[in-house]
Amino acid sequence: MAEQLLSGINVVECGNMVSAAYAGKLLADFGAEVVKVEAPSGDISRQRGPFPGDTPHAEKSGLFLYLNANKQGVTLDLRESKGQAVLQSLCAQADILLHNYSPREMPGVGLDYEKLSQINPGLIMTSISYFGQTGPHSDYHGYDLTASNAGGWAFISPGASDYPDLPPLKAFGHQTDFQGGVHAGVATLGAYYHKCLTGEGQHLDVSVQECIAAILEMNFMHYTYSGLETSRLGRRSIYPWCMLDCKDGKLFVVCVEEDQWQRFVELMGNPEWATLEIFEDRVVRGQNYDALVPFLQEFAAEWTVAELYKAGQERRICMAPVNTMADLLNSEHLKAREFFTEISHQVAGSLQYPGAPFKVEDVGYSVRRPAPRLGEHNNEVYARIGLSQAEIDELKQGGII
Amino acid sequence: MARRPLEGIRVTDFTWAWAGPYCTLQMAHMGAEVTRIESEKRPCVTRLIPPFADNEPGPNRAGYFNQYSQGKKSLQLDLARPEATEIVKKLIAKSDIVVQNFSTGAIDRMGFGYDTLKQLKPDIIMISICGYGQTGPERKYMGYGPASVPLAGISSLTGYPGVGPAEIGISYGDPNAGIFGSFAAMAALAYRHRTGKGIHVDLALWEALLVLMPEGIMDYVMNQTQPERDGNRDRWMAPHGCFKCKGDAEKWVTIVCGSDAEWLALCQAIGQPELAADKRFTDAAARKANEDALEELITAWTSERDRWEVTEVLQKAGVAAYPSQSNKDLATNPHLEERGYLVQKEHPEFGKRIHAGIPWQMSGSPCEVQAAAPQRGQHTDYVLQEILGYSGDEVQKLRDGQVLT
């Protein structure tokens, strides 16, 4: 098998939905051997779509298929002590254990770092939770929406909103869970490097709330540096920074530097209004954005998105189409970079998936296998950790696997 | 004292704005020695824009820079001078990782492309971050963080129903590219440890966002359609929203029931057990079908109550709830305080300010913010003398020659 960045690293992953699964996916995509442990009823993400024809099917969830490609999958009932004993055997041979059970749930599923570290002192156990392992809110329940708000992101989203009665807005999908997953991946590999040098394992506590509070741009410091509370309302401090309606769709434009604005004015044919004092610099344009936007809009309405995007970018003006999923799948740039990847799955068939988050020559992202069917690798994985066929059969009959 | 995970790792940091600095921030958090290359002529934009400490502008007083450069060092040089280029080359020769987020091609023109770096340090790990990536027909396009959000399709899927595509409040493409750059660098350290080889990473803001969009992309691949924009609502769970609470217009609480059991718990907790038998709400499908009525009912209860009271009542019953946090809420949040997340290090110009800290804790190799963000050029002498072995006289000569500006 081809050498990859993380070849030879052994990982066990358990939990549900996105954060731990995404951390596991990143490790697997770059070469680690990841065993995904699911409850006998399956990861909850198997019940969440998208599904072909919108019809739920445990082997056809787009979310599950995406998150778990490149992993081997086993089932195991961690609520039973026999199941917990099997988890210990899995961890005995692993470098890393990733999970996203909450601190409240951990004792009930055998996730006890002290115990596991006695079995394998080199084990890195990474616990991802919405509120962390300690502190007065550590037992709180959460979902992606909860973390969007608890971390301070939704409060400032969508930004420059004209609708004060509409609530703080979460971004599409499971963005906070994904951020928990990537941040956990960074910390886990940092700890892995420590292990490479010292042989030591340890317990990592990753808080999704804290991952989100760390990516609020300058909003956090608006309060702590100058006492200003920011919200989803108000206006942008600089302009242009908005979406414009072209003939056939929307285009986003932002001019951060003055020379970018000058080139935009040039592209618009140096109109007289652009010389008005109320548009003289980025901050003043921000103050007078309600006067500015109709001028920009009038200009944009004469163009198609593709034409204006190209014309703008050729003059080094930062523009971007408001892409739909169809636009993305058809993008010539993404095709040239071979971003989308075809993966064939025994039940779900052959589909295009989002591919590498970053490119590395020769030893980077690759697809080795599709997402596991429920319990697909039970025999192989359990034999590998030394269980006999009779023991595996007994666990099956007991409903443990 | 316990060893920090990246102790002994040295990073040459060419980054500016947000994506690159967020990448190297993680390395500083884990104990790497990160040196930002700065100059007076081309200061980082985040040193120039508000907020400033006490609203008093100054390159060392900017919150944006100071948040994302915590624990780093600053080396000030005029890179137009050949002497400065020599200094940076010497630093790279002693570095493990180099990170840059200039537009495509710029780093090569500056004379620090990957091929040059490899000659200086054969096992160097180089992380290159930009909007569109180092290859492909649009590679030279400008890709700022806020533009990457609509570009990656997030805007077309995010927004209030009937209002149109939305932005999402932050230049999300930036920190996201930064954290992926960090992941790449950590994976590269493992690879180098095993094989002795370095790598060059080509990271595009656009693609690093697309990998977080499977629900949208896979829907299109499977069904040639994409989900409708639906505010805070979820395809499978209800209630799933942000509800108005007692107090001023900015007091909101988020509530989610992910299962029928959680819905039943909510009915009990809000003192309306009869709702449990209400046919409109018996299972998730019914609650989705009657979500307007459901949300009205919950708002009637939350709008009479303080957002923290709502949170405590529901959490006690096992229902996910939390007040929507403003920047002030976060900076005064007792949970974050007790966890040691809120970091205040002494800064020589203005004392202490609260910053967002490290979002993880390690039991065996503890991570801690080492110091406040550097003043520009604060570590020029340290880098030249302690790391690169210049004498005091040589440093003075460089300073007199305007190289260190």
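**Domains, interface and sheets**

Analyst: For chain A, the domain assignment gives domain 1 (10-215 + 363-397) and domain 2 (241-329). The model is a predicted one, in which local features need pLDDT of at least 70 and side-chain atom pairs count only at pLDDT 80 or more, while totals for chains, interfaces and linings use all residues. Residues are numbered from 1 along each chain as its sequence is written, and chains are lettered from A and ligands numbered from 1 in the order in which they are written.

User: What makes residues of chain A count as being in contact with chain B?

Analyst: Two residues are in contact if their C-beta atoms, placed from the backbone, lie within 7 Å. By that criterion, 123 residues of chain A are in contact with 118 residues of chain B. Helix α6(A) supplies the largest share of the side of chain A that touches chain B, namely 15 residues. That side divides into 71 nonpolar, 38 polar and 14 charged residues, where Ala, Val, Leu, Ile, Met, Phe, Trp, Tyr, Cys and Pro count as nonpolar, Asp, Glu, Lys and Arg as charged, and the others, Gly among them, as polar.

User: Why is α6(A) called roughly parallel to α8(B)?

Analyst: Helix α6 (residues 175-198) of chain A and helix α8 (residues 173-195) of chain B pack at an angle of about 25°, with their axes 9 Å apart. Angles under 35 degrees count as roughly parallel, over 145 as roughly antiparallel, 65 to 115 as roughly perpendicular and the rest as oblique, so α6(A) is roughly parallel to α8(B). The axes are lines fitted to C-alpha atoms, for helices over the stretch in contact, and angles run from 0 to 180 degrees between N-to-C directions. The helices themselves (H or I, at least four residues), like the strands (E, at least two), are DSSP runs numbered from the N terminus.

User: In which hand does α6(A) pass α8(B), and which residues meet there?

Analyst: The crossing is left-handed; that name applies if the near helix is turned anticlockwise from the far one by less than a right angle, and right-handed if clockwise. Among the residues that meet are Val186(A), Leu189(A) and Tyr193(A) in α6(A), and Phe183(B), Met186(B) and Ala190(B) in α8(B). The residues of this contact divide into 13 nonpolar, 5 polar and no charged.

User: What makes β12(A) and β3(B) the edges of the sheet of 7 strands?

Analyst: The order of this open sheet is β12(A)-β6(B)-β5(B)-β4(B)-β1(B)-β2(B)-β3(B), with mixed pairing. β12(A) and β3 (73-76) of chain B each have a single partner strand, so one side of each is left without a neighbour in the sheet. Helix α1 (residues 19-29) of chain B packs on the sheet, and its direction makes about 155° with that of β4(B).

User: How do you know that β12(A) pairs with β6(B)?

Analyst: Two strands pair if DSSP finds at least two bridges between them. Strand β12 (residues 359-360) of chain A is joined to β6 (residues 200-204) of chain B by 2 bridges, and the two run antiparallel. Val201(B) is the bridge partner of Val360(A).

User: How many bridges join β7(A) to β8(A), and how many join β8(A) to β9(A)?

Analyst: The count is 6 for β7(A) with β8(A) and 4 for β8(A) with β9(A). A hairpin through 2 residues joins β7(A) to β8(A). Leu251(A) is the bridge partner of Leu244(A) and stands opposite Pro321(A) in β9(A). The three strands form an open antiparallel sheet in the order β7-β8-β9.

Key:
Domains from an automatic or database assignment.
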